[in-house]
Amino acid sequence: MTAAMDTENALFDLPPDVADARAWAHDFAVRYIRPAAADYDAREETPWPVIQDAAIAGLYTPEFALQAFTDPSGLMLPVVAEEIFWGDGGMGQALLGTFLPLAALVGAGTPEQIRTWTPEFFGSVEHPAVAALCASEPDAGSDAANIRTRAEFDEPSGDWILNGVKTWATNGGIAGVHVINATVDRDLGARGHALFLVPPGTPGISQGQKFSKHGLRASHTAEVLLEDVRIPSGLVLGGKDALDARLAAARERRKVRVPAAMAAFEATRPSIAGMAVGVARAAYEYALDYAKTRVQFGRPIIANQGIAFMLADMATEIDAARLLAWRASNQLARGIPLRNAEGSMAKLKASEVAVRTTEQAIQILGGNGYTRDYPVERWARDAKIFTIYEGTSEIQRLIISRAISGIRIE
């Protein structure tokens, strides 16, 4: 269980730099993540020492992150995500949680904003930092258009003033930079939203409740409270002039871009699928090895069709989910529209596969699988979140059904 995922029989070869990054990420997962995973899960603490180890290794740096986001094949992000989450879901989320706000910055920011703020997201090797994308609210989860956090422009000072409550924010409250999704014109619904950068140490932003979670326990998740948070006008992603033009077009009922927060989720769905595949693969490999060595009734339990067929299904479903993730990532990188919601297909399939595979792994291990002496129960707890965050499985099915039918299905 120490070899990176084998792609010799894949439909296409990975580009050399992607293959190198995969091996690099897998080695890091073996050396740093796997040995510490159970401890950080039990303590529910952010693994800052491991984040620093990743920064030293070059995996947690702005340079590597931008390389991954601009990889022409589109495969580097889902491939690296799979290996890191193969190591552990919670620690993987702690390491890669910054990539979601970075996707928002890269997708909606100006070139100057990207150059200036990407390093701030990651900090330094000596003092690593994390970033947070704050989109969900207590009354606006799947109903993203219903957010109440307000951004009002104060003409005399030239500042934006943000007020509201965000929830379910990965790295919320411990982040250096928070990217806040707020409404500028509530009458426009989601078209009236914009993303704002809140720098470290800005007065008025604070952490609310930290959530004790079922899974991904090494990843910090919390509320973020905004009370008269003032930021300069230039900290709206894309710039104020572009925002004013977009709002004017929306008020005139002209076509406008997909809201930046939603665009970030769309861009990262294939990578989320890669994360889910990593957790599923970890459970499958462990169950396969266990089934080969666990002897009952005088033979290894894999010699029984009931176990062997279960493992055959697990292997098949994992490969299918991976290829869906790679297809969507490659389409995005080549600028091919996801007309059939291929990103949502990848995220839906991989999420469901992760849940089913980890449950089956517990079943194969029997009573052992239900104890914390074996890692499959942790992987099962981690897997469930994939059907919930970054768009629930039900929302993915809604997106797919609308795309394939051309009908506004409710």
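1. The backbone nitrogen of R186 lies 3.4 Å from a polar atom of the T183 side chain. That is a polar contact, defined as a pair of N or O atoms within 3.5 Å; within protein, one must be able to donate a hydrogen and the other to accept it, and residues adjacent in sequence count only if both atoms are side-chain atoms. This is a predicted model, in which local features need pLDDT of at least 70 and side-chain atom pairs count only at pLDDT 80 or more, while totals for chains, interfaces and linings use all residues. Residues are numbered from 1 along each chain as its sequence is written, and side-chain values use heavy atoms, with hydrogens and water left out.

2. T183 belongs to strand 4, residues 177-183. Helices (H or I, at least four residues) and strands (E, at least two) are DSSP runs, numbered from the N terminus. With a relative accessible area of 5%, T183 is buried; buried means under 20% relative accessible area, exposed over 50%, and partly exposed in between, with a 1.4 Å probe and protein chains only. Its contacts (heavy atoms within 4.5 Å), leaving aside neighbours within four places in sequence, are I147, R148, T149, R150, A151, G192 and H193.

3. How many helices and strands does the protein have? The secondary structure comes to 13 helices and nine strands. The radius of gyration is 21 Å, close to the 22 Å that the globule rule gives for 410 residues, so the protein is as compact as a globular protein of that length. That radius is taken over C-alpha atoms, and the globule rule is 2.2 Å times the number of residues to the power 0.38. The C-alpha trace spans about 80 × 50 × 40 Å along its principal axes.

4. Of the 410 residues, 54% are buried. Among contacts between residues at least 6 apart in sequence, 73% join residues at least 24 apart.

5. Helix 9 (residues 260-293) contains A291 and also V277. A291 is buried at 0% relative accessibility, and V277 is buried at 3%. Leaving aside neighbours within four places in sequence, A291 is in contact with P300, I301, I302, I307, L311 and I364.

6. A291 and Q363 are 72 residues apart in sequence, with 11 Å between their C-alpha atoms. V277 and V79 are 198 residues apart along the chain, and their C-alpha atoms are separated by 9.6 Å.

7. Helix 6 (residues 99-108) has eight of its 10 residues buried, so it is largely enclosed by the rest of the structure. The buried residues are F99, L100, P101, L102, A103, A104, L105 and A108.

8. Two backbone angles deserve a look. Most residues other than glycine have a negative phi. N171, in the loop between strand 3 (159-170) and strand 4, is not a glycine but has a positive phi of about 70 degrees. L216, in the loop between strand 6 (205-210) and strand 7 (221-232), is not a glycine either and has a positive phi of about 45 degrees. N171 counts as buried at 2% relative accessibility, and L216 counts as buried at 4%.
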